[in-house]
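How do the helices, ring pairs, enclosed spaces and sulfur bonds of a chain fit together? The paragraphs below take these topics in turn.

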Amino acid sequence: MSPQNGTFYQPENFILIGIPGLEPSYVWISIPLFIMFILAISGNLLMLLLIKMEPRLHNPMYYFLSTLSLTDLVLSSSISLKMLSIFWLNHKEISFLSCLVQMFFIHCFTSLESGVLMAMAFDRYMAICNPLHYTSALTNTLIVKIVVALVIRGIVIVTPCPWMASRLPYCRTVHIPHSYCDHMAVVKLACTDTTINSAYGLTVVLIVIVFDVSSIAVSYVFILRTILRLSSANSKNKAFGTCTSHISIIIMFYTLGLFSFLTHRIGHIALYIHVMLSFLYLLIPPTLNPIIYGVRTQEIRTAALHLFTRTVT
């Protein structure tokens, strides 16, 4: 370790253990992980291509969906590439700076994903509760402002985490019992009281989840009230159909996040369970999001068929 600024120490490298206790099974674990990573990358790239090429998908709902796909691409790449290098090449070292950068990207884009889901709930609220003003209210300029605001939110609230982690004095143990540089997994290696770091990390999680989930819940209360007032059963089914994909993704994302959060806070849970839930929480949504929207959304299926037909001919 080398001194930094004369008052604290920084290790040159950390060692990512991977999944503690499951080292003999790394090859088998890497197979579904690799498949999920390929599906996440190809699925979200295809989603972006379809939205770009199909004029009928140039509306607010699909602009938010393209933002979600971009977010998923960054999230899946941020954790999967390093994990695969651990499982396949036993390349466990990660530089101190790279660890902090990975920490920032993972937590910032997790916050952004939650924010985009909230924005998509607002989009569904406008489409169902105020259909006459949908396109005039949700202009391209407003959509850009919403996305930029969500990005700024993520940067502002997450940046203190790696910054504070960089100021801690670290012990001789530089082995991180995790498969990526999670904030608390890194902070726990420090040789000092980390109450402030833990409290700030918890505060960030609660702020994002409470605000975003509350906004989503309020939006769907109004959506449900509007749908139930529709006289036609066909109109009700159509309105519900436009929301099912989004609701499925919301349930999946926050349920996995809740399990990951609880296993981290409950001390007697086996460490390998916490680590596996953590990377599944970050990898399953990017893998399934394009599949869920592709299966449940007629416009995307049609656009995919047109693209495939043009490619074949």
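This is a predicted model: local features need pLDDT of at least 70, side-chain atom pairs count only at pLDDT 80 or more; totals for chains, interfaces and linings use all residues.

Helix H3, which covers residues 96-129, has 34 residues and reaches 49 Å from its first C-alpha to its last, close to the 50 Å expected at 1.5 Å a residue. H3 is also mostly covered, with 25 of its 34 residues buried. Helix H8, formed by residues 195-228, likewise contains 34 residues, which at 1.5 Å a residue should span 50 Å, and the 48 Å between its end C-alpha atoms agrees with that expectation. An α-helix has 3.6 residues a turn, so residues three or four places apart point the same way. With that in mind, the buried residues of H8 can be followed along the helix: they are Asn 197, Ser 198, Gly 201, Val 204, Val 208, Asp 212, Ile 216, Ser 219, Tyr 220, Ile 223 and Ile 227.

A pair of aromatic rings is described by the distance of the centres and the angle of the planes. The count of aromatic pairs comes to 11. One of them joins Tyr 26 and Phe 87 in a tilted arrangement, with 4.6 Å from centre to centre and 45° between the planes. Because Tyr 26 belongs to helix H1 (residues 26-53) and Phe 87 to helix H2, this pair ties together parts that are 61 residues apart in sequence. Both Tyr 26 and Phe 87 are buried. In the pair of Tyr 125 and Phe 222 the ring centres are 6.0 Å apart and the planes stand at 70°, so the pair is edge-to-face. Here the link runs between H3, which holds Tyr 125, and H8, which holds Phe 222, across 97 residues. Tyr 125 counts as partly exposed at 22% relative accessibility, and Phe 222 is partly exposed as well, at 33%. Elsewhere, ring pairs link Phe 14, Phe 96 and Tyr 170 into a cluster.

The empty spaces come next. Rolling a probe the size of a water molecule over the atoms shows where empty space is left. Three cavities of 30 Å³ or more are found in a search of the whole structure, and the largest cavity holds about 610 Å³ of space. Of the 29 residues that line the largest cavity, His 107, Asp 182, Val 205, Phe 261 and Tyr 281 lie nearest its centre. Two or more lining residues come from each of H3, helix H7 (183-187), H8, H9 and helix H10 (271-296), and H9 gives the most, with eight. By class, this lining divides into 16 nonpolar, 11 polar and two charged residues.

The largest pocket has about 510 Å³ of space. Its lining consists of 23 residues, and those nearest its centre are Arg 124, Lys 238, Ala 239, Thr 242 and Glu 299. H2, H3, helix H9 (233-265) and helix H11 (298-312) each give two or more residues to that lining, and H9 gives the most to the pocket, with seven. The pocket lining has eight nonpolar, nine polar and six charged residues.

Which cysteines are bonded, and in what pattern? A search of the whole structure finds two disulfides, and with bonded cysteines counted along the chain they follow the pattern 1-3, 2-4. In one, the sulfur atoms of Cys 99 and Cys 181 are 2.0 Å apart, and the link is left-handed, with -120° about the S-S bond. Since Cys 99 lies in helix H3 and Cys 181 in the loop between strand S5 (175-176) and H7, the pair ties together parts that are 82 residues apart in sequence. Both Cys 99 and Cys 181 are buried. In the other disulfide, Cys 171 and Cys 191 have their sulfur atoms 1.6 Å apart. Cys 171 is in the loop between helix H6 (160-166) and S5, and Cys 191 is in the loop between H7 and H8, 20 residues apart. Cys 171 is partly exposed at 24%, as is Cys 191 at 42%. Cys 129 is in no disulfide. The sulfur of Cys 243 is 8.8 Å from the closest cysteine sulfur, in Cys 129, which is too far for a bond, and Cys 243 is buried, with a relative accessible area of 1%.

Note on methods: Residues are numbered from 1 along each chain as its sequence is written. Side-chain values use heavy atoms; hydrogens and water are left out. Helices (H or I, at least four residues) and strands (E, at least two) are DSSP runs, numbered from the N terminus. The expected span of a helix is 1.5 Å times one less than its number of residues. Buried means under 20% relative accessible area, exposed over 50%, partly exposed in between (1.4 Å probe, protein chains only). Rings of Phe, Tyr and Trp (its six-membered ring) pair if their centres lie within 6.5 Å; planes under 30 degrees apart count as stacked, over 60 as edge-to-face and the rest as tilted. On a 1 Å grid over the protein atoms alone, a cavity is a set of points where a 1.4 Å probe fits but cannot get out, and a pocket is an open set with protein on both sides within 12 Å along at least five of seven lines; lining residues have an atom within 4 Å of a point. Grid points are joined across faces, edges and corners, and a volume is the space filled by probe spheres set on the points. Ala, Val, Leu, Ile, Met, Phe, Trp, Tyr, Cys and Pro count as nonpolar, Asp, Glu, Lys and Arg as charged, and the others, Gly among them, as polar. A disulfide is a pair of cysteine sulfur atoms within 2.5 Å.
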